[in-house]
Amino acid sequence: EWTWSPLRAALAIEEVLRGWGASVKVKWPNDLYTIHGQKLGGVLCEGVGDRVLVGVGLNLRDPGVPGAAGLENLGIRVTSEEVATALMGRWSHWLG
């Protein structure tokens, strides 16, 4: 059953970001926000056969859009490669 995958993926991302010192929260079912209500990103998943495709949009830099934030706004400077590596490690726990 892949229907819980967006929430599980968002929780994995939340764990990674909290590990880097970010104060974030998951907004049901698949969005990530700062504790001040600024959107950091989101997750979309699609089941394909017995697999789940996971798509993540996560602002690393300041997007310059009202109501949104990037990790750099939280004092976290990481590359997309660092994010991908950290997420893959947590997804194996949450998504199996």
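## Basis of the model

Helices (H or I, at least four residues) and strands (E, at least two) are DSSP runs, numbered from the N terminus. This is a predicted model, in which local features need pLDDT of at least 70 and side-chain atom pairs count only at pLDDT 80 or more, while totals for chains, interfaces and linings use all residues. Residues are numbered from 1 along each chain as its sequence is written, and side-chain values use heavy atoms, with hydrogens and water left out.

Pro29 sits in the loop between β1 (24-27) and β2. A cis peptide bond links Trp28 to Pro29, with omega at about -10 degrees. Most peptide bonds are trans.

## How α1 meets α2

Two packed helices are described by the angle between their axes and the distance between the axes. Here, helix α1 (residues 5-19) packs against helix α2 (residues 80-94) at an angle of about 130 degrees, and their axes are 9 Å apart. That angle makes α1 oblique to α2. Angles under 35 degrees count as roughly parallel, over 145 as roughly antiparallel, 65 to 115 as roughly perpendicular and the rest as oblique. Axes are lines fitted to C-alpha atoms, for helices over the stretch in contact, and angles run from 0 to 180 degrees between N-to-C directions.

The crossing of α1 past α2 is right-handed. On the α1 side, the contact (heavy atoms within 4.5 Å) uses Arg8, Ala9, Leu11, Ala12, Ile13, Glu15 and Val16. From α2 come Ala86, Leu87, Arg90, Trp91 and Trp94. By class, the residues of this contact are nine nonpolar, no polar and three charged. Ala, Val, Leu, Ile, Met, Phe, Trp, Tyr, Cys and Pro count as nonpolar, Asp, Glu, Lys and Arg as charged, and the others, Gly among them, as polar.

Asp31 belongs to strand β2 (residues 31-34). Its relative accessibility is 18%, so Asp31 counts as buried. The cut-offs are under 20% relative accessible area for buried, over 50% for exposed, and partly exposed in between (1.4 Å probe, protein chains only). The side chains of Asp31 and Lys39 form a polar contact of 3.3 Å. A polar contact is a pair of N or O atoms within 3.5 Å; within protein, one must be able to donate a hydrogen and the other to accept it, and residues adjacent in sequence count only if both atoms are side-chain atoms. Not counting residues up to four places away in sequence, Asp31 touches Lys25, Val26, Lys39, Gly41 and Gly42.

Glu14 lies in helix α1. At 14% relative accessibility, Glu14 is buried. Leaving aside neighbours within four places in sequence, Glu14 contacts Val24, Lys25, Val26 and Leu32.

## Val43 in strand β3

Val43 is part of strand β3. With a relative accessible area of 2%, Val43 is buried. Beyond residues up to four places away in sequence, Val43 touches Pro6, Ala9, Ala10, Ile13, Asn30, Val54, Gly55 and Val56. Its C-alpha atom is 15 Å from that of Gly70, 27 residues apart along the chain.

## Loop positions

Asp50 is in the loop between β3 (39-48) and β4. Asp50 counts as exposed, at 72% relative accessibility. The C-alpha atoms of Asp50 and Arg61 are separated by 35 Å, for 11 residues along the chain.

Val65 falls in the loop between β4 (51-58) and α2. Val65 is partly exposed, with a relative accessible area of 47%. Val65 and Gln38 are 27 residues apart along the chain, and their C-alpha atoms are separated by 9.9 Å.

Terms used: Left-handed = near helix turned anticlockwise from the far one by under 90°.
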